[in-house]
Amino acid sequence: MDQSGRIDQISAVMGRMRVLIGRRVISRLAMAELGPILDLSDLDVLEMVPGPGTEREVSVGDIARQMRIDPSRASRLVAGLVERGYLLRAVAQQDARRAVLLRSEQAERVLTEIHRVKRQLIADIVSDWPAEEIGQFADGFEAFIAALERRTSP
């Protein structure tokens, strides 16, 4: 297949991947193993918030921007996660007037389990691939996504 054909192939596969991502297939599988403790929006928020001991700071406004949702919706999501013990509010180190969020130990345990399920799913999918092919795919996929992020970042 020539380069143009390969680009068409990548485009078609990206379309299929978009559908899977839109349906949140991997996250839904991971969440199904844990039971109905969180919904997918909660999981998105937890993934954005740093864990204990991290210098990176995230506010409710940051979550709203990253998720592309209204600040009041982000505030409600965060409030629910704080109330259920998944998030902690803290004071920003750089500006004491600013509130930031941290994941709790409970959230860390849940995310660890979700990541374990996701890793196992990926491991199962590539289990019959040669190690060299897994490495090439991982490197190529990383390079492609990094280039896409650079190209689409403001």
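# Aromatic rings and pockets: how the calls are made

Modeller: Ring pairs link W129, F137 and F141 into a cluster. This is a predicted model, where local features need pLDDT of at least 70, side-chain atom pairs count only at pLDDT 80 or more, and totals for chains, interfaces and linings use all residues. Residues are numbered from 1 along each chain as its sequence is written, and side-chain values use heavy atoms, with hydrogens and water left out.

Biologist: Why is the pair of W129 and F137 called edge-to-face?

Modeller: The ring centres of W129 and F137 lie 5.7 Å apart, and their planes stand at 90°, so the pair is edge-to-face.

Biologist: Why is the pair of F137 and F141 called stacked?

Modeller: The centres of F137 and F141 are 5.4 Å apart and the planes are at 10°, so this pair is stacked.

Biologist: Where do F137 and F141 lie in the chain?

Modeller: Both F137 and F141 lie in helix α7 (residues 131-152). They are four residues apart, about one turn of the helix. Helices (H or I, at least four residues) and strands (E, at least two) are DSSP runs, numbered from the N terminus.

Biologist: Are W129, F137 and F141 buried, exposed or partly exposed, and what are the cut-offs?

Modeller: Buried means under 20% relative accessible area, exposed over 50%, and partly exposed in between (1.4 Å probe, protein chains only). W129 has 29% relative accessibility and counts as partly exposed. F137, at 45%, is partly exposed. F141, at 35%, is partly exposed too.

Biologist: What makes a space a pocket?

Modeller: The search runs on a 1 Å grid over the protein atoms alone. A pocket is an open set of points with protein on both sides within 12 Å along at least five of seven lines. Lining residues have an atom within 4 Å of a point. Grid points are joined across faces, edges and corners, and a volume is the space filled by probe spheres set on the points.

Biologist: What is the volume of the largest pocket, and which residues are closest to its centre?

Modeller: The largest pocket holds about 1700 Å³ of space. It is lined by 31 residues, and the closest to its centre are M17, I21, I26, F137 and F141. The elements giving two or more lining residues are α1 (3-22), α2 (25-34), α6 (105-125) and α7. Helix α7 gives the largest share, ten residues.

Biologist: What is the volume of the second largest pocket, and which element gives the most to its lining?

Modeller: The second largest pocket has a volume of about 150 Å³. Of its 13 lining residues, T54, E55, R56, E57 and Q93 are the closest to its centre. Strand β2 gives the most to this lining, with three residues. The lining divides into six nonpolar, four polar and three charged residues.

Key
Rings of Phe, Tyr and Trp (its six-membered ring) pair if their centres lie within 6.5 Å; planes under 30 degrees apart count as stacked, over 60 as edge-to-face and the rest as tilted. On a 1 Å grid over the protein atoms alone, a cavity is a set of points where a 1.4 Å probe fits but cannot get out, and a pocket is an open set with protein on both sides within 12 Å along at least five of seven lines; lining residues have an atom within 4 Å of a point. Ala, Val, Leu, Ile, Met, Phe, Trp, Tyr, Cys and Pro count as nonpolar, Asp, Glu, Lys and Arg as charged, and the others, Gly among them, as polar.
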